[in-house]
Amino acid sequence: MKKIPIRMCLACRKHFPKKDLIRIVKNKENQIFADKTFKAEGRGAYVCNNNVCLANLKKTHKLNKYFKCEISAELYENLKGEI
Ligand SMILES: [Zn+2]
C-alpha cells in the first residue's frame, strides 16, 4: 500500500493528506507563491483548502512568522483563487 504524505495546516494545526491542502512555497529568490504542483523548490507551508483556515492564517500572521518575512495581500488573494 502506498503511503499518503500527511502535512499540517498552519492555521488549524490539524493533519491532512498533502493533496487536500494548499502548498505555499518560499524559494531561494524569496518569492512566495501558491505551489499547485507540490514540487517547487523551497520551504513549504500548508493550509487547508477552505476560507476559514485561509482567513485565520491571514489574521494571525502565521505565514509571516513561518517564512520570517512580510506576506503581501496579493498572495492571500492568489490563495483564495486556489480554493
Ligand atoms: Zn486548517
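Biologist: In this predicted model, what makes the contact between glutamate 82 and lysine 36 a salt bridge?

Modeller: Their side chains meet at 3.6 Å, N to O. A salt bridge requires a Lys or Arg side-chain nitrogen within 4 Å of a carboxyl oxygen of Asp or Glu, so the pair qualifies.

Biologist: Which parts of the chain does this pair tie together?

Modeller: Glutamate 82 belongs to helix H3 (residues 73-82) and lysine 36 to the loop between E4 and E5, so parts 46 residues apart in sequence are joined.

Biologist: Why is lysine 36 called exposed, and why is glutamate 82 called partly exposed?

Modeller: Exposed means over 50% relative accessible area, and lysine 36 has 62%. Glutamate 82, at 28%, falls between the limits of 20% and 50%, and therefore counts as partly exposed.

Biologist: Where do aspartate 35 and arginine 23 meet, buried or exposed?

Modeller: These two side chains form a salt bridge at 2.6 Å, N to O. Aspartate 35 has 5% relative accessibility and arginine 23 has 8%. Buried means under 20%, so both residues are buried.

Biologist: Which residues coordinate the zinc ion?

Modeller: Cys9, Cys12, Cys48 and Cys53 coordinate the zinc ion through their SG atoms, at 2.2 to 2.3 Å.

Biologist: Why is the arrangement around the zinc ion called tetrahedral?

Modeller: The four donor atoms subtend angles of 104 to 115°. Four donors count as tetrahedral if all angles lie between 85 and 135 degrees, so the arrangement around the zinc ion meets the criterion.

Definitions and conventions: Residues numbered from 1 in each chain as written. Predicted model: local features only at pLDDT ≥ 70, side-chain atom pairs only at ≥ 80, totals over all residues. Heavy atoms only, no water. Donors = N, O, S within 2.8 Å, 3.2 Å for Na, K, Ca; no water. Tetrahedral: all angles 85-135°; square planar, octahedral: opposite > 155°, others 65-115°. Buried < 20%, exposed > 50% of the residue type's maximum accessible area, 1.4 Å probe, protein only. Helix = DSSP H or I, 4+ residues; strand = E, 2+ residues; numbered from the N terminus.
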